[in-house]
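Open the model in your viewer and keep the selection tool ready. The stops below follow one another.

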Amino acid sequence: MQSRLWNIDKDYDTLVRWWTQWEFGIVPKECLPPDGIIVEDDNGVPIAGGGLYIGVGTKFAFMEWVIIEDLAFNKQKEGNKGLDPRTAHKALNLCIDSIMKLAESKGMKLVFTATKVKGLHKRYTKYHKMTLAESDVKTFLRDFTGNYSKNLNWVSDDTQIKKQKEETE
């Protein structure tokens, strides 16, 4: 298993597949950071990834879009055992550690992230030396063009998705 820098042009379809598997919503390609990591298994097949936004002129970075191939989805494929939990654990560890190394190599002093995924909460503190900074956060987005707010599934939780759907009906 190895990590590499992501190439948005080549890796975007893989990321879209993973987001679709997890019913996450699709992050517009132009909204992804140029810096990120893809973890591949020993056969060169991508199995995890995540992005790193760098605050230009600062020592602050934002880790986002950490994702892994959906275990259950893979198990449904005929003849595929899927990604075993140990491999998934190792892949996520390698992915996040690689993002942290990338941030350090770019001179960052702080890496911030936000997630509602409880498994990541525990992982960040237990394995990656991150400190829980806030427990009850609301996020906001301003769409200057009006093009992105038509479908905000990629940045919204289930409650907000339901509200947005009701507002358009």
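**Stop one: a charged pair**

Select Arg4: at 27% relative accessibility, it counts as partly exposed (buried is under 20% relative accessible area, exposed over 50%, partly exposed in between; 1.4 Å probe, protein chains only). This is a predicted model, where local features need pLDDT of at least 70, side-chain atom pairs count only at pLDDT 80 or more, and totals for chains, interfaces and linings use all residues. Residues are numbered from 1 along each chain as its sequence is written, and side-chain values use heavy atoms, with hydrogens and water left out.

Arg4 is in strand 1 and Glu40 in strand 2, 36 residues apart (strands are DSSP E runs of at least two residues, helices H or I runs of at least four, numbered from the N terminus). Glu40 is buried, at 15%.

**Stop two: another bridge**

Which residue does the side chain of Lys106 meet in a salt bridge? Select Asp35; the N to O distance is 3.4 Å. Lys106 sits in the loop between helix 3 and strand 5, Asp35 in strand 2, 71 residues apart. Lys106 is partly exposed at 41%, while Asp35 is buried at 17%.

**Stop three: strand 5**

Finish with Phe112, in strand 5. Its relative accessibility is 31%, so Phe112 counts as partly exposed.

Conventions: Salt bridge = Lys/Arg side-chain N within 4 Å of Asp/Glu carboxyl O.
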